[in-house]
Amino acid sequence: MLRFILKRLGLALLVALTVSFISFSLLFLAGDPAIAIAGESANAKDIQAIRELYGFDRPMLVQYADWLWNALRFDFGQSYYFKLPVADLIAERLSVTMTLGVCGILFALLTAVPLGVIAAIRPNSLIDRIALFLSVAGQAMPSFWFGLILIVVFAIQLGWLPASGASSWQHFIMPTVVLGYYAMPAIMRLTRAGMLEVLSADYIRTARAKGAPEGRVLFKHALRNAIIPVVSLAAVQMGFMLGGSIVVESIFALHGAGYLAWESIGRNDLPTVQALILVFALFYIVFTFLADVLNAWLDPRMRSA
Amino acid sequence: MGRMMLRGGTAAIALLAAGAAHADKAADTLRVAFTKELESVDSYFNSAREGVVLQRAIWDGLLYADPQTGEYKGNLATEWNWVDDTTLELKLREGVKFHDGSDFTADDVVYTVNFVADEANGAVTQRNVNWMDHAEKLDDYTVRIITKEPFPAALEYLSGPVSMYPSDYYEEAGPSGMGLKPVGTGPYKAVSVEPGKHFVLERNEDYFDGPKGQPTIGKVDIRTIPDVNTQMAEIFSGQLDLIWQVPSDQAERLAEMGQFTVANESTMRVGYLSMDAAGRSNPDNPFTKLEVRQAVNYAIDRQTIVKELLKGKSTTIDTACFPSQFGCVQDVTEYPYDPEKARELLAEAGYPDGFTTEFYAYRDREYAEAISSYLNAVGITTDFKMLQYSALRDLNMKGEVPISFQTWGSFSINDASAMVSQFFKHGELDDARDDEVLAELDIADSSIDPETRTEHYGIALQRIADQAYWAPLFSYNTNYVFTKEVAYTPTPDEVLRFHTATWN
């Protein structure tokens, strides 16, 4: 088990490095950061001065090495745009995104897994149809649209929930539902498919034949096996939610890390983008790593992988 | 992303949301939304419209320009006169206090001017400050500002972007401290700043009796809400009192509903096509030919674009400046919409079957697409490329752009030098490089005499129009939407002034 974990960790770090290097190169191709910093009124002299001040005139590899060396000491520099330390900026924004991501994935799992299980027990029943409908609707409905509908109903017409901001727990209800609902269909269908497959397996028939109670058969024998791919999927979804909640954060004016990343790209705010990409990459890595470990615990056969 | 959200969302919100709006008049708090995250509240370290709005609320300039008439009045200074071409002497208002309780004196003016004029301190918009060389104190309430060269637009800048900071506090806090905890003399004090997200202002009870007048609304609470539809939802659900920069289609629907006041006002931003007349991208490019540039001017139906797309108080523009700007002479050659004539001119230039060119833009895709289709209609086939601002700017500076759709807001400086001189003085963005224009602009920019200035701007603008270096297109406008409890009259310079807003 330890060897498995170490191997995974090494691989994970390599992935993080590669991601950060690729993003650094892409940002360099996207446009001269000196121009973005200098603003509309600057002339060539101002821009050259900024280029020298920030060291953009050095070779890209040197700049990357410089950035990496500082990042290793947890020094992510100053945001070109806000003129504030990137670490503070991200720490502040990340709390919103983390809250949203955790709530979103919990919402998705707590609705999708039970629905998937019920749908699998009674395939083609009314409840299966309803579950199918919900999942198709969730997949088909763009989240900005769903978000606006929720706002119109719950914030404007009923006046129950605040439409935007992040100052209380009520502010997180609609964003959680929107973000979670988007991740739900895939999890539900995977649960249903997994359950259906497992339920027709020999060992389930054996369990039933030896007289095990149905609840025990379903949850101890079937779900434990069916859930393995769901764990991996949920980990990826969680990573996606943290980095990709741009639309939701934008609609509900949450000012989280995803929105910050999106905006920082447009502003050519290199230090902020670089640090965020690294953070997001690390999240993906941590989650997939945890999923691997969890799966290895659930299924001993995977430990040799 | 944004576009889809806008189109889809408007319909939903306009159709379904007919709830009763209730303003926060009871709490004496005006709740406003910004769309963009402001980088820093320190007005010398941001280049955003939102920054100007906060600047006018928190700080004061030495002078004040009446937003309707453009007339200069004393603000933190009470008298001013030019001692010579480069020395402006000002008498300061006595008894003014900063929000931190310190007195406003000549030391503050000297410190502020000397700090921002020093390029090494990195004020973002250098053009706003780099005309000043330094300031000198004569006594506690008399100062001199020395300009580097004769600079006739000085009064315009002193009543606009140049505001006065408290010397002791600024020296200690610096731009980042000022950005987080701003201190000024203005009608509103900043009581809370969450960078980019949330700003709370409170009425300055000790505000001096100046030309801005006393603020009436007690508190202003500004939140950044990036999505326009969410802003609309918030105003419908009574959580906002005023939104601005509302796109014209949304504003139209809101006006039809009658629940809110929708006010439209023009801005100083001008949209135009810049063409590579100097042949920087390629010495043989078609735009080096006068007939081709004239054809482009004739090819575009600006009237229809204004009527169908920009709407509101937008107008067509014929000059390389905004009409209200000093020196922006209007009697220049005009090019009415005439596609036939455009085709003839193209044939004369040796392109009877037209030609293909790259066409760039960085904002307002729908306007750029309309322009592109007008060009296609006369035979100029466009390879349309939409770029990020900094990427297009990079290409512009390298001279690699044959034709592009550009816009310029002049930083709300009501003087032609802020636009025509920015682009036609052989700088890296000058695609015309006309020596005659340069010579005229040099005279106009450095003369103190208003008549001389008008005359020479006139000659330069006439030559630019005759040579069709640009195709000036239209001015922009902006929509303000507020609840019936709020009374506000917008000004043509796109600056939201909280001190003039009142409750109905």
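1. Contact between chain B and chain A. In this predicted model, 49 residues of chain B touch 44 residues of chain A, contact being taken as heavy atoms within 4.5 Å. The area buried between the two chains is about 3900 Å², with 61% given by carbon and sulfur atoms; buried area is the accessible area (1.4 Å probe) that two parts lose on being put together, summed over both.

2. Conventions. Residues are numbered from 1 along each chain as its sequence is written, and chains are lettered from A in the order in which they are written. Local features need pLDDT of at least 70, side-chain atom pairs count only at pLDDT 80 or more, totals for chains, interfaces and linings use all residues, and side-chain values use heavy atoms, with hydrogens and water left out.

3. The rule finds two salt bridges across the interface of chain B and chain A, a salt bridge being a side-chain nitrogen of Lys or Arg within 4 Å of a carboxyl oxygen of Asp or Glu. B:Lys197 forms a salt bridge with A:Glu92, and their closest N and O atoms are 2.5 Å apart. Nine residue pairs are in polar contact between chain B and chain A, both residues at pLDDT 80 or more. A polar contact is a pair of N or O atoms within 3.5 Å; within protein, one must be able to donate a hydrogen and the other to accept it, and residues adjacent in sequence count only if both atoms are side-chain atoms.

4. Composition of the chain B side. Helix 1 of chain B supplies the largest share of the side that touches chain A, seven residues; helices (H or I, at least four residues) and strands (E, at least two) are DSSP runs, numbered from the N terminus. By class, that side has 21 nonpolar, 15 polar and 13 charged residues. Ala, Val, Leu, Ile, Met, Phe, Trp, Tyr, Cys and Pro count as nonpolar, Asp, Glu, Lys and Arg as charged, and the others, Gly among them, as polar.

5. Domains of chain B. An automatic or database domain assignment gives the bounds: domain 1 (32–222 + 485–503) and domain 2 (268–477). Their centres, taken over C-alpha atoms, are 33 Å apart. The contact takes 14 residues from domain 1 of chain B and 15 residues from domain 2 of chain B.

6. The interface between the domains. About 1300 Å² is buried between domain 1 and domain 2 of chain B, 58% of it from carbon and sulfur atoms. In domain 1, B:Arg127, B:Pro152 and B:Glu156 lose the most area to domain 2, together 41% of what that side buries. Zero salt bridges are found across this interface.
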